Amino acid sequence: MSVEKIVDIYTDGACSGNPGPGGWGVLMLYGENEKELCGGEPATTNNRMELMAAIQALEALKRNAKVRIHTDSNYVKDGITKWIHNWKKNGWKNAAKKPVKNAELWKRLEAALETHDVSWHWVKGHSDHPENDRADALARQGMAPYMPTPK
């Protein structure tokens with residue numbers, strides 16, 4: 001009997017100012033294997049970086065997988081598991097009939113989910129959770145190249 005391995009993914013986003021320079025970080029765990037990813041943008045928001053972390057993680061998977069995504073962002077978790085259904089039904093408008101913010105990233109995240117069996121798990125940020133702390137450090141690493149140099 002084979003036991004299906006699960007990919008555990010820890011994601012985080014960071015921003016210095018909101019908007020401002022930002023970064024995203026990902027820690028992927030599969031059995032004994034670990035992979036770290038990070039990146040950033042010069043002018044962005046924390047929510048965009050949280051979304052980018054999840055997108056980049058899923059897009060980095062080389063084959064269909066059973067995945068547990070651990071995020072400290074209720075925005076991402078609730079957006080993809082609850083709100084997106086009504087956004088799509090309402091032509092990508094929110095409950096206030098305004099365009100959904102970051103719609104292009106939500107669409108990209110939804111597409112990245114299609115080939116995987118994904119469950120979403122919220123973790124409390126900045127609470128000494130080792131994997132979440134590593135994802136946070138990676139997000140800050142991804143943001144670093146876009147930070148202004150002190151004078």
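What is the volume of the largest pocket? In this predicted model, the volume is about 390 Å³. A pocket is an open set of points on a 1 Å grid over the protein atoms alone, where a 1.4 Å probe fits, with protein on both sides within 12 Å along at least five of seven lines. The volume is the space filled by probe spheres set on the points. Local features need pLDDT of at least 70, side-chain atom pairs count only at pLDDT 80 or more, and totals for linings use all residues. Residues are numbered from 1 along each chain, and side-chain values use heavy atoms, without hydrogens or water.

The pocket is lined by 15 residues (an atom within 4 Å of a point). Val 7, Tyr 30, Leu 61, Lys 62 and Arg 63 lie nearest its centre. Strand E3 (33–44) supplies at least two lining residues, as does strand E2 (20–30). The largest share, three residues, comes from E3. Strands are DSSP runs of E, at least two residues; helices are runs of H or I, at least four.

The axes of helix H2 (residues 74–89) and helix H3 (residues 103–113) come within 11 Å and cross at roughly 100 degrees. H2 is therefore roughly perpendicular to H3 (65 to 115 degrees). Axes are lines fitted to C-alpha atoms over the stretch in contact, with angles from 0 to 180 degrees between N-to-C directions.

Nine salt bridges are found in the whole structure (Lys or Arg side-chain nitrogen within 4 Å of an Asp or Glu carboxyl oxygen). One joins Asp 117 and Lys 66 at 3.3 Å, N to O. Asp 117 lies in strand E5 (residues 117–122) and Lys 66 in strand E4 (residues 66–71), 51 residues apart.

Technical notes: Parallel < 35°, antiparallel > 145°, perpendicular 65-115°, else oblique.
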